Amino acid sequence: MKANKKTAIVHSNVILVPYREEHVAKYHEWMTSEELRELTASEPLSLEEEYDMQRKWQEDEDKLTFILLSGESFHPRDAATLTPELLAGQPMIGDVNLFLRGSPDDEEGFEVEVEIMIAEAAYRRKGVAYTALQLMLSYTTDAASPAPLPIPKERLVARIGDKNEPSIRLFQKLGFSVTKRVSVFEEVELRYTNAPERTWISGTRFAISDAS
């Protein structure tokens, strides 16, 4: 999505950056893992196809992707702008995505599915997914975010394997509730239910400049 093409969101333990060409090789390496492909319902792609997919996702207006970088030991030197060089030393650890389905004008059919992947095992069970999802959800529901954002909170949905209790609890902590169980797909559907209202952390937003 073009909306976040030059936006980074910084928190002390995770940084959200747009999916750019320099991330593709590592992402492709992740997707050689059968476990990760199964968890993300992804098909194996060649490296060239992965580069094509990155370019497509950057332009598609129905997909919003941030790559997750570790925020550990990161101290931005500029109060307004980050460069790819400054971010290059931060390890890639996963991604977080939104998929817009249907037209925003369709009050019944429009929904926005949320997904997250912590690809690097060393960063799992450390609260990174919880923080990253809050940053993403805060950004995408903020009235100040660029079109086609913001997203109404009540349109947010997550679909998770019914045996994945940690992920189910994670989304419940974010204000989602189980609204449907789909036994044929062995998954549960959770929607943001506003019960009770959650305030998500927003981090600090920076512009990303082109490489120097």
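Student: Which residue lies over the face of Tyr130?
Tutor: In this predicted model, Lys173 lies over the face of Tyr130, 4.1 Å from the ring centre.

Student: And what sits over the ring of Trp200?
Tutor: The charged end of Lys153 sits there, 4.6 Å from the centre of the Trp200 ring.

Student: How many aromatic pairs does a search of the whole structure find?
Tutor: The search finds seven. In one of them, the ring centres of Phe66 and Tyr139 are 5.6 Å apart and the planes meet at 80°, so this pair is edge-to-face.

Student: Where do Phe66 and Tyr139 lie?
Tutor: Phe66 belongs to strand E3 (residues 63-70) and Tyr139 to helix H5 (residues 128-141), so their pairing ties together parts that are 73 residues apart in sequence.

Student: Are Phe66 and Tyr139 buried or exposed?
Tutor: Both residues are buried.

Student: What about Tyr192 and Trp200?
Tutor: They form an edge-to-face pair, with 5.4 Å from centre to centre and 65° between the planes. Tyr192 and Trp200 are buried. Ring pairs also link these two with Phe171 and Phe176 into a cluster.

Student: Changing topic, how many helices and strands does the protein chain have?
Tutor: The chain has six helices and 10 strands. Its radius of gyration is 17 Å, close to the 17 Å given by the globule rule for 212 residues, so the chain is as compact as a globular protein of that length.

Student: What percentage of the 212 residues is buried?
Tutor: Buried residues make up 45% of them.

How values were computed: Residues are numbered from 1 along each chain as its sequence is written. This is a predicted model: local features need pLDDT of at least 70, side-chain atom pairs count only at pLDDT 80 or more; totals for chains, interfaces and linings use all residues. Side-chain values use heavy atoms; hydrogens and water are left out. Rings of Phe, Tyr and Trp (its six-membered ring) pair if their centres lie within 6.5 Å; planes under 30 degrees apart count as stacked, over 60 as edge-to-face and the rest as tilted. Helices (H or I, at least four residues) and strands (E, at least two) are DSSP runs, numbered from the N terminus. Buried means under 20% relative accessible area, exposed over 50%, partly exposed in between (1.4 Å probe, protein chains only). A charge sits over a ring if NZ of Lys or CZ of Arg is within 6 Å of the ring centre and within 35 degrees of the ring normal. The radius of gyration is taken over C-alpha atoms; the globule rule is 2.2 Å times the number of residues to the power 0.38.
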